[in-house]
Amino acid sequence: MTSSASSSSSSSSSASSAVTAHGTPRPGGAGRLLDRDVSRVGFGAMQLPRLAPDRAAAVALLRRAVELGVDHVDTAEFYGDGFSNEIIREALRPDDDVLVVSKVGATPDSGGPLPLRLAQRPDELRAGVEDNLKSLGVDQVPLVNLRRAETGPGLRAEGDQVVDIDDQLAVMTALRDEGKIGAIGLSNVGLDELRRGLPAGIACVQNAYSLVARDDEELLRLCLAEGIAWVPYFPLGSAFPGMPKVTDEPAVVTAAETLGVSPAQVGLAWLLHHAPNVLLIPGTADPDHLAANVAAGDVALDAATVAALDAVPTRAGDIEMGHE
């Protein structure tokens with residue numbers, strides 16, 4: 001079994017490529033990540049463990065993503081206690097030229113109240129990278145995101161899990177120097193943390209961000225100015241009960257009815273239109289939902305529709321529970 005993660009860091013094109021390695025048109029067009037072209041609509045592997053009872057279906061879903069033009073897959077060892085990584089290793093081939101991105105900062109906790117617990121200490125970050133290397137079956141993970149835990153949705157760091165970002169970046173830089181990771185990304189960070197991380201070289205930022213949750217607009221614009229990819233999670237609003245969802249917005253529903261597409265596709269299309277450094281990684285365990293997510297890359301928004309969507313207020317608030 002092989003994973004194309006091992007070959008993706010060596011692949012780049014001299015000019016923006018409109019098609020993937022298999023000649024498939026890129027959903028959403030071409031974006032830049034790690035100085036290479038990737039499709040702007042990728043795939044997040046967090047929901048793959050829902051298919052654990054049917055491993056063949058999980059492999060088939062990932063193969064279908066590649067057929068549809070996905071060549072950027074986001075994963076983590078703590079997704080299904082390694083299940084997502086194992087499926088990626090089984091399903092992807094070197095000639096798919098898929099860029100596999102992982103993250104550290106948490107670890108599986110199958111017996112706990114949530115399926116993961118924080119792992120923020122430098123030694124835990126190093127162990128997390130080693131676990132990803134093993135489960136993906138590669139010598140280097142091209143890009144690893146450091147998932148922080150002092151802002152954004154999800155678990156909050158307490159006790160020995162409160163670690164200064166400089167100490168975390170020191171071990172991430174060392175892992176990059178050792179060749180175990182190709183580049184460093186950040187997740188759940190604020191402006192100050194990103195500014196402190198810039199000297200280390202940051203390839204992407206993953207924060208919760210959507211049409212209804214735009215508190216990080218200044219952070220997004222800093223990433224755009226610095227050539228850093230913006231890879232939002234919860235791109236359709238929060239999955240947590242009681243929090244706003246993009247698909248509930250009247251302006252989104254109206255746009256969807258006018259365009260003949262789904263509200264979810266409008267929400268994803270807005271993100272692609274909003275800034276050129278946005279790369280999407282919507283996740284699903286359903287083939288039809290996968291196809292709909294990819295098709296969102298072809299949804300065109302006219303000026304009037306964009307203006308109506310831009311006028312939707314941001315009101316995400318602060319989520320103190322859940323996980324990503």
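Me: Where is D35 found?
Reply: This is a predicted model, where local features need pLDDT of at least 70 and side-chain atom pairs count only at pLDDT 80 or more, while totals for chains, interfaces and linings use all residues. Residues are numbered from 1 along each chain as its sequence is written, and side-chain values use heavy atoms, with hydrogens and water left out. Helices (H or I, at least four residues) and strands (E, at least two) are DSSP runs, numbered from the N terminus. D35 sits in the loop between strand 1 (30-33) and strand 2 (36-39).

Me: Is D35 buried or exposed?
Reply: Buried means under 20% relative accessible area, exposed over 50%, and partly exposed in between (1.4 Å probe, protein chains only). D35 has 65% relative accessibility, so D35 counts as exposed.

Me: Is D97 buried or exposed?
Reply: D97 lies in the loop between helix 3 (83-91) and strand 5 (99-104). Its relative accessibility is 16%, so D97 counts as buried.

Me: How many aromatic pairs does the structure hold?
Reply: Rings of Phe, Tyr and Trp (its six-membered ring) pair if their centres lie within 6.5 Å. Planes under 30 degrees apart count as stacked, over 60 as edge-to-face and the rest as tilted. By this rule, the number of aromatic pairs is four.

Me: Is the pair of Y209 and W230 stacked or edge-to-face?
Reply: The ring centres of Y209 and W230 are 5.5 Å apart. Their planes stand at 90°, so the pair is edge-to-face.

Me: Which residues do ring pairs link into a cluster?
Reply: Y209 is buried at 1% relative accessibility. W230 is buried too, at 0%. The cluster linked by ring pairs holds Y209, W230 and W270.
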